[in-house]
Structures are given as C-alpha cells and as structure tokens.
Amino acid sequence: MEHFLRGGLVSEPPKTARSRRTIALPSYLKPRPATQATDQTARREAREEQWHHFDLIIDRGDGQPLNPNTLTAGWSRFLRSRKLPHLRFHDLRHSHATLMLLAGVHPKIVSERLGHA
C-alpha cells in the first residue's frame, strides 16, 4: 500500500497476509508481464548507475515508484479524450466486481478477488 506522508510517497506492506494475493490474468494479458520485464531490463541496463533498485513491476522509467496520482490523471485524460463520462479509477474495482457477479461468479470468489474477508 502506498500513501503520502509529508509530501513523499510511502510504501508499506499489506495490513494482513490475506491482502497479499495472486490475481489471474485473462489470456490476452498473459504476455504483458514478460514484455514489461524485458522493457524494464533494457531501461535498467541503459541507466545502470542512475537506476533505483526498488524491485517494482511498474516504475517511473528509472526504477522509482510511480506516483498513484499519475495513474489517476492518465485515466481522467483517457476518459476525456474519448468523451466518456467521469469515472474514478477506483470505481473500476467496483465495476469489475459487478461484472463478475453478473457473469455468475460465486460471491465468495468475487469477495476474495477484491481482498474482502
């Protein structure tokens, strides 16, 4: 979990062991983590001395953590550019849960996927 403390980004481990979970990716996304890792390795090798070793999957391009506000702002720009209604990035989580329930996924599975007890 990340949050801001006195102007800086702070990363902490999840509050509970249950909060750390594996999420299954749809088949069309399965190649993406390997592509990301390859791209990141190339960036790390190119920057060598300037690389920040945080062992992140997604970074700012130099190994440092990506500010969560960057995703929020990018999501807002994406919606505006396509003339779509405003939807908070966090609302995607709720939409995902609703779609799983409508698809007949058992509520217990949906709850676990969202990290709820």
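Colleague: Let's start with K83: is it buried or exposed?

Modeller: Keep in mind that this is a predicted model. K83 is exposed, with a relative accessible area of 75%.

Colleague: OK, and where is K83 found?

Modeller: K83 is found in the loop between α2 and α3. Its phi is near 55°, which is a positive value in a residue other than glycine.

Colleague: What about D55, what is its phi near?

Modeller: The phi of D55 is near 60°, again a positive value in a residue that isn't glycine. D55 lies in the loop between α1 and α2, and at 80% relative accessibility it counts as exposed.

Colleague: Switching topic: how many salt bridges does a search of the whole structure find?

Modeller: The search finds four. One of them joins R43 to D59, with the closest N and O atoms 2.9 Å apart. That pair links distant parts of the chain, 16 residues apart: R43 is in helix α1, while D59 is in the loop between α1 and α2.

Colleague: Which residue forms a salt bridge with R60?

Modeller: That's D62, and the closest N and O atoms of R60 and D62 are 3.4 Å apart. D62 counts as buried too, at 9% relative accessibility.

Colleague: And what does D91 form a salt bridge with?

Modeller: D91 pairs with R88, the closest N and O atoms being 2.6 Å apart. D91 is buried, with a relative accessible area of 18%, whereas R88 is partly exposed at 47%.

Colleague: Leaving aside its neighbours within four places in sequence, what is Q40 in contact with?

Modeller: With those neighbours left aside, Q40 is in contact with W51, L56, I57 and D59.

Colleague: Now the helices α3 and α4. At roughly what angle do their axes cross?

Modeller: At roughly 160°, and the axes come within 9 Å. Here α3 is residues 91-102 and α4 is residues 107-114. The two helices are therefore roughly antiparallel to each other, since angles over 145 degrees count that way. As for handedness, α3 passes α4 in a right-handed crossing.

Colleague: Which residues meet there, between α3 and α4?

Modeller: From α3 you have R93, H96, A97, M100 and L101, and they meet P107, V110, R113 and L114 in α4. By class, that contact has six nonpolar, one polar and two charged residues.

Colleague: Last one: where is the place of E48?

Modeller: E48 sits in the loop between α1 and α2. At 55% relative accessibility, E48 counts as exposed. E48 and K15 are 33 residues apart in sequence, and in space they are 33 Å apart, C-alpha to C-alpha.

Note on methods
Residues are numbered from 1 along each chain as its sequence is written. This is a predicted model: local features need pLDDT of at least 70, side-chain atom pairs count only at pLDDT 80 or more; totals for chains, interfaces and linings use all residues. Side-chain values use heavy atoms; hydrogens and water are left out. Axes are lines fitted to C-alpha atoms, for helices over the stretch in contact, and angles run from 0 to 180 degrees between N-to-C directions. Helices (H or I, at least four residues) and strands (E, at least two) are DSSP runs, numbered from the N terminus. Angles under 35 degrees count as roughly parallel, over 145 as roughly antiparallel, 65 to 115 as roughly perpendicular and the rest as oblique. A crossing is left-handed if the near helix is turned anticlockwise from the far one by less than a right angle, and right-handed if clockwise. Contact means heavy atoms within 4.5 Å. Ala, Val, Leu, Ile, Met, Phe, Trp, Tyr, Cys and Pro count as nonpolar, Asp, Glu, Lys and Arg as charged, and the others, Gly among them, as polar. A salt bridge is a side-chain nitrogen of Lys or Arg within 4 Å of a carboxyl oxygen of Asp or Glu. Buried means under 20% relative accessible area, exposed over 50%, partly exposed in between (1.4 Å probe, protein chains only).
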